[in-house]
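Okay, thanks for coming, everyone. Let me put the model up, and then we'll walk through it together.

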Amino acid sequence: MSTTARDRIDSLVKQNKVLVFMKGNKLMPQCGFSNNVVQILNTLGVPFETVDVLADPEIRQGVKEYSSWPTIPQVYINGEFVGGSDIMIELYQKGELQQMVEVALAS
């Protein structure tokens with residue numbers, strides 16, 4: 001990954017309390033897994049930003065290296081990598097995601 005891509009990803013992660021690297025955007029997800037994450041975050045009613053990895057191949061590959069996680073979507077809360085669709089579903093079902101988001105938004 002180029003230094004430019006790493007710096008851009010790092011900046012995005014640090015600037016946004018809740019950030020999703022995904023295929024498409026929150027208004028038009030381009031895959032089912034990305035859509036799952038958007039639906040969960042919308043259900044929680046929290047503000048979040050998205051980065052469309054389909055629009056930037058360097059970011060698409062770079063974010064996988066940045067997180068050491070091989071798949072998209074990737075969710076960051078308060079600068080920390082949380083996981084992808086399956087982990088988000090699990091955290092949501094356990095009630096842990098709501099708490100994580102509330103803590104992040106309060107900080």
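I'll start with the overall fold and then move on to the aromatic rings.

Quick housekeeping: this is a predicted model, so local features need pLDDT of at least 70, side-chain atom pairs count only at pLDDT 80 or more, and totals for chains, interfaces and linings use all residues. Numbering runs from 1 along each chain as its sequence is written, and side-chain values use heavy atoms, with hydrogens and water left out.

So, the chain has five helices and six strands; those are DSSP runs, with helices being H or I of at least four residues and strands E of at least two, numbered from the N terminus. Reading from the N terminus, the order is α-β-β-β-α-β-α-β-β-α-α. Of the 107 residues, 40% count as buried, meaning under 20% relative accessible area with a 1.4 Å probe, protein chains only.

Now the rings. How many aromatic pairs turn up in the whole structure? Four. Rings of Phe, Tyr and Trp (its six-membered ring) pair if their centres lie within 6.5 Å, and planes over 60 degrees apart count as edge-to-face. Phenylalanine 21 and tyrosine 76 are an edge-to-face pair, 5.8 Å centre to centre with 80 degrees between the planes. Phenylalanine 21 is in strand S1 (residues 18-22) and tyrosine 76 in strand S5 (residues 74-77), so this pair ties together parts 55 residues apart in sequence. Both of these residues are buried. Ring pairs also link Phe21, Tyr66, Trp69, Tyr76 and Phe81 into a cluster.

Key. Rings of Phe, Tyr and Trp (its six-membered ring) pair if their centres lie within 6.5 Å; planes under 30 degrees apart count as stacked, over 60 as edge-to-face and the rest as tilted. Buried means under 20% relative accessible area, exposed over 50%, partly exposed in between (1.4 Å probe, protein chains only).
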